[in-house]
Amino acid sequence: MQGYLGKQDHGSPEDFVHRLVRHLRNQVLWDFLVTFSPPILAIIYLAAVLYTESWMPALPLVMLVPAIIVIGALAVVFRYRPRVPSIPAAAHLMDAKAEAQDRFITLTTVQSSPSSDPMLARLRREAMGTLSRVELRRDFPYRLKQPFYWSAISSLALIILCHLLLNGTLTKSGVSPQQRIRELAEQMSHRVPLAEIGRSLQSLADKLDDLKVASEEKHSLIEEIQKRIAQEQEREQEQNNQDLLSDASSTLKSLEQESGGQGQAEQQNAGGGVQSNASQEGHGEGKDSEGGGDESKGEASAQLNPDMKDGKSAQGNSQGKGQEKDSGHQKEQKANQPDPSNTEKTTDESAGKMKENAEGRSGKNRSDEMPKDGPPAERYRKPGEQGPDSIKGAKYVTVQLPEEIAADSSGVTAASKDGKESKNRPKVPISNVPLPAHLPEAPAEKQRMPLEYRDVIR
Amino acid sequence: MDPEKFQESFKGLEAEVRKVIVGHNDTIRKVLIAFFAGGHVLLEGVPGLGKTLLVKTLSHALGVSFKRIQFTPDLMPSDIVGTQVLEEMNGRREFQFKQGPIFAHVVLADEINRATPKTQSAVLEAMEEKQVTVFGESHTLESPFMVLATQNPIELEGTYPLPEAQLDRFFFKLLVIPPTPVELREILKRTTGTETADMQEVLPEDGGQLINEMKQLLRQVLVAPPIEDYVVRLVHATQPQPQNAANSPVRQYLRFGSSPRGAQSVILGAKGHALADGRVHVSYDDVENVLYPALRHRMILNFQAEAENVSADQIMDELVKQVRRN
């Protein structure tokens, strides 16, 4: 651009005007480039940001960027061409700068003729005399025009605004569902009525982080917790708790959507029925938990959760390993939750038993003890009754009913017994944690009797 | 002739006239421009401003013949152009053409609006055709020929305003304005003492030839196409056309706009102005300088303009603001 602007060898006035035209044309081009560049760069930048945040796939980005550049270039061309100063316009500017009284415009536009040649020659001489007053770089410097400032400010504002919006959205939605679930679990753990769900959520979060856990299992767990949340929501009166439950529910829904519902049917199937331990023998008898060794209580659900191989509770917190006996109680409860046939009485009995456990009885010893009168599967059958093939010959079986069946059956039973009570009575036990003494109005604890203790504890 | 000589002669003429006429510098220049452009000038002003003196002085400085016609209501065309008179020559009586006062290089038509339209029209042919026809016989007027008409904007009773067609034949219409106090003091000093101005002829004896050369040179002055375009747009803008905005002064106050003669006058006047400045090309400033005298009498105001006391110059002001230079 500056090549022809060096120390000027003033040619003829007409040449000088042509140089001025080129100079001004370049300035106009720069004007449009600097005016159109900020918005184009801003859009490209925002597209890149959206891409890096995974809000935009690569293909649209690849198509968008060239398209924006092409549109910008076209805009420059179409806006630039009409603004390129004509020779008369440039000559007019020269006249104004050199105070040449329209000599340049006359020289550059008048057509030569024999009668006008002497006049033109004289005019050219006069114009040459005024050329020394003008220097292109000095008298026609390039200055950024107002549109550039507007463009730059607008583009910056657009970038900042989009960043703020994106940050806001990312801050809100950028928390992973696992984190959100953990937060909710933490909040719920401080509220006694929701503590059990909180622990379930904590366990779910752990499983979600665990890549070894099958997606079907995660999905079924999510569904299970969702149902429990729904039940708790029906029962819960306090607004804050309701809010927490709603939040948890929506988070789980979003998780469910993410998982895409794959293997949902399979998971439902896997959630119920009777399975033999023939191939899984001992899987539920993992290591003792550091907290006290109630690990055998997790057998029932151990089939569903690989974690249970290690004696962990299906819904237990991995961090709870080594925690006190509460974790053991958790395991117990989780293991027994699916059993819908337990009555109120057995629940109370179970609570009493658990109290004993808490007082120092070794869970390991108990879990190692096999019932003396045959495998449990056979003990539950009437004499002469044939069970399913899958459990034939099994030393013991673990039974887990689908939660829906459990809930339905218990609900029906309760309703048939006492319709009035059934409204407040939970269909599925929610916690086996002993109630704190300082919460007299806490809902009655519902607990199921583990199958092993059905005939032992009264 | 070269432009320097033109400028020298022109400035000499101006200086010579200024020896007698105090002030009116612009009027003097414009009259001279019109003279070299081959046009006629209508001078308008109240009595006593020196209009007649200006014309007389100018013709004296130019060294050309000068006649004055005092227009009155009973003035007949033959009193201007001349008539056939019966004369006895060699024992025979023949009609001989007796030239009227129009046969001069510079004719002062004083208070031209006091004559009847019939008499005014007698001047019309002379101004445009540079010839007069008497009894079917045409008589060519000697070049240079210039009519300087004066009219009084007051005392309009018993006057016959010039028709548009005749007004259009005037190259310029110049407004002779009252002198400033300084000028008035100078006028008093010059006219109430014993000293008289010692005027000299600027142009040589064969001034006619020189004047014609100067007129030729004036037409050779260069005009850039954008400047011509500017003049065209200005003159065109005086037309009260439907496409003009309804609230534009042209639509509001004008009945008719300028004729093409207006544009011709502007260009020729601008050329004369440029040459008088020693330039061989017309500038935008030249155009705007002669725009008002060239167009003001060609823009026919309507009743609303007269009722609201809007002048053609005010409308021109608006037009100059509206029409861009290029």
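## Around Thr130(A)

Leaving aside residues up to four places away in sequence, Thr130(A) touches Ala98(A), Glu99(A), Ala100(A) and Arg103(A). Do keep in mind that this is a predicted model. Thr130(A) belongs to helix 5 of chain A, which covers residues 117-131. From Thr130(A) to Ala100(A) there are 30 residues in sequence, yet their C-alpha atoms are 6.4 Å apart in space.

Is Thr130(A) buried, partly exposed or exposed? It has 18 other C-beta atoms within 10 Å, and is therefore partly exposed, since a buried residue needs 20 or more and an exposed one has 12 or fewer.

## Helices 8 and 9 of chain A

Helix 8 of chain A (residues 177-189) packs with helix 9 of chain A (residues 195-209) at an angle of about 155°, and their axes are 8 Å apart. Angles over 145 degrees count as roughly antiparallel, so that is how helix 8 and helix 9 of chain A are arranged. Their crossing is left-handed.

Helix 8 of chain A brings residues including Ile181(A), Leu184(A), Ala185(A) and Met188(A) to the contact, while those from helix 9 of chain A include Ile197(A), Leu201(A), Leu204(A) and Leu208(A). By type, the residues of this contact divide into 10 nonpolar, 4 polar and 3 charged.

## The buried side of helix 14 of chain B

Which residues of helix 14 (residues 312-322) of chain B are buried? They are Ala312(B), Ile315(B), Met316(B) and Leu319(B). Because these residues cover an arc of only 100° around the axis, they sit on the same side of helix 14 of chain B. Among the elements covering them are helix 9 (225-237), helix 12 (284-295) and strand 10 (254-256) of chain B.

Technical notes
Residues numbered from 1 in each chain as written. Chains lettered and ligands numbered in written order. Predicted model: local features only at pLDDT ≥ 70, side-chain atom pairs only at ≥ 80, totals over all residues. Axes fitted to C-alpha atoms, helices over the stretch in contact; angles between N-to-C directions. Helix = DSSP H or I, 4+ residues; strand = E, 2+ residues; numbered from the N terminus. Parallel < 35°, antiparallel > 145°, perpendicular 65-115°, else oblique. Left-handed = near helix turned anticlockwise from the far one by under 90°. Contact = placed C-beta atoms within 7 Å. Nonpolar A, V, L, I, M, F, W, Y, C, P; charged D, E, K, R; others polar. Arc of directions from axis to C-beta.
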